[in-house]
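Please consult the sequence and the structure shown here while reading.

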Amino acid sequence: MGGVGEPGGGPGPREGPAPLGAPLPIFRWEQIRQHDLPGDKWLVIERRVYDISRWAQRHPGGSRLIGHHGAEDATDAFHAFHQDLQYVRKFLKPLLIGELAPEEPSQDGAQNAQLIKDYRALRQAAEDMKLFEADPIFFALLLGHILAMEVLAWLIVYLLGPGWVSSTLAALILAISQAQCWCLQHDLGHASIFTKSQWNHVAQQFVMGQLKGFSAHWWNFRHFQHHAKPNIFHKDPDVTVAPVFLLGESSVEYGKKKRRYLPYNHQHLYFFLIGPPLLTLVNFEVENLAYMLVCMQWTDLLWAASFYSRFFLSYVPFYGATGALFLFVAVRVLESHWFVWITQMNHIPKEIGHEKHRDWASSQLAATCNVEPSLFIDWFSGHLNFQIEHQSLKKSGDIWLDAYLHQ
């Protein structure tokens with residue numbers, strides 16, 4: 001009799017996929033834990049061990065996203081991020097190198113077995129009740145009211161002239177439209193509207209590119225990492241903001257090491273000067289452009305160019321180039337405040353720190369909270385006030401699931 005790592009015994013882990021028909025090697029978590037290095041990544045899905053070291057670069061969601069689950073059980077993340085599991089499993093077959101030893105738990109590290117069981121039962125019940133099936137009419141109306149606000153803002157300037165009152169009103173309406181675009185493209189990015197993923201991707205490119213001037217691929221690259229590891233430093237881009245702001249455990253670390261790049265004891269004050277006003281206008285604009293150029297997302301670049309062409313062709317005749325630029329900046333600053341509040345109100349009050357290697361449900365619940373619903377809050381937040389359901393279940397039709405669970 002041999003040891004763990006080869007079929008039927010033999011020391012040490014085997015490399016490469018197991019031959020067809022051969023018994024699968026078995027592994028312990030102490031062996032799997034060693035494979036969480038750049039260029040050497042294993043993960044576990046449904047108690048089967050996969051070597052994703054070489055394939056990670058070809059992962060459609062990006063190597064970072066799948067790499068964040070290195071040496072972990074990624075079963076619930078696998079279910080949450082993929083609609084057609086049977087199709088995706090075809091890509092897993094060549095990566096299979098073994099399975100967990102029978103006596104090994106399905107999860108390594110901190111876990112809540114009862115919570116995992118209850119979570120999976122809840123998700124299955126939601127699927128059986130078809131709560132993930134979205135109503136396209138709702139989203140058509142959502143897009144319609146966005147387009148109506150774009151037209152209304154232009155008509156106000158056209159009919160009333162470029163005065164202070166009309167310009168302020170137009171900027172406010174455009175900011176509301178832009179904020180609602182964030183919410184619509186977010187649902188499209190999660191493939192939450194159409195049954196075919198490709199339709200969601202094309203629609204997201206239109207909303208994100210033509211209506212907002214950003215790259216859909218850039219957003220998904222950031223946002224999927226956030227969902228994979230919410231509020232985890234160096235894995236969730238939304239909270240990796242040091243040394244400008246210190247959140248959660250980073251404030252303790254900087255205090256112990258006596259690092260003081262900024263007056264952090266006053267960050268609650270300067271946050272309002274450089275956080276909400278500049279996130280979309282500066283950080284997102286620069287990061288988005290850099291992503292499109294470095295990753296050669298030329299289609300997204302063309303979509304973004306169509307937004308800027310439309311905006312300035314619409315408003316330069318009234319304001320001139322400088323005035324139209326000021327209008328654009330005003331809209332971005334107003335929109336940025338809206339975006340910061342609706343995206344961070346669910347996460348910043350919760351635990352923020354380094355990787356704890358919790359089970360999926362626990363890690364999602366530790367990092368988010370819900371906001372009391374109302375017709376206005378639901379609309380204002382793009383239904384992101386139902387963040388617990390969205391974070392943990394995260395499949396198509398989140399809005400309908402949220403509405404049902406909060407009846």
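## Aromatic pairs

Rings of Phe, Tyr and Trp, the last represented by its six-membered ring, count as a pair if their centres lie within 6.5 Å. In this predicted model, there are 37 aromatic pairs. W182, F214, W218, W219, F284 and F339 together make up one aromatic cluster.

How are the rings of W182 and F284 placed? Their centres are 5.9 Å apart and their planes meet at 65°, so the pair is edge-to-face, given that planes over 60 degrees apart are classed in this way.

## Nonpolar cores

The largest nonpolar core has 16 residues, of which A153, L174, F311, Y315 and L327 touch the most other members. Two or more residues come from each of α6 (136-160), α7 and α13 (298-344). Helix α13 supplies the largest share, eight residues.

L174 illustrates these contacts: leaving aside residues up to four places away in sequence, L174 touches E150, A153, F311, Y315 and V331. A second, separate core holds 15 residues, including I45, A56, L95 and L96.

## Confidence in the model

The average pLDDT is 86, and 91% of the residues score at least 70. However, pLDDT stays under 50 over residues 6-14, and residues 396-407 are also below 50. Where pLDDT is low, predicted coordinates should not be read in detail.

Technical notes:
Residues numbered from 1 in each chain as written. Predicted model: local features only at pLDDT ≥ 70, side-chain atom pairs only at ≥ 80, totals over all residues. Heavy atoms only, no water. Phe/Tyr/Trp six-rings, centres within 6.5 Å; stacked < 30°, edge-to-face > 60°. pLDDT = per-residue confidence, 0-100. Contact = heavy atoms within 4.5 Å. Core = buried A, V, L, I, M, F, W, Y, C linked by side-chain atoms within 4.5 Å. Buried < 20%, exposed > 50% of the residue type's maximum accessible area, 1.4 Å probe, protein only. Helix = DSSP H or I, 4+ residues; strand = E, 2+ residues; numbered from the N terminus.
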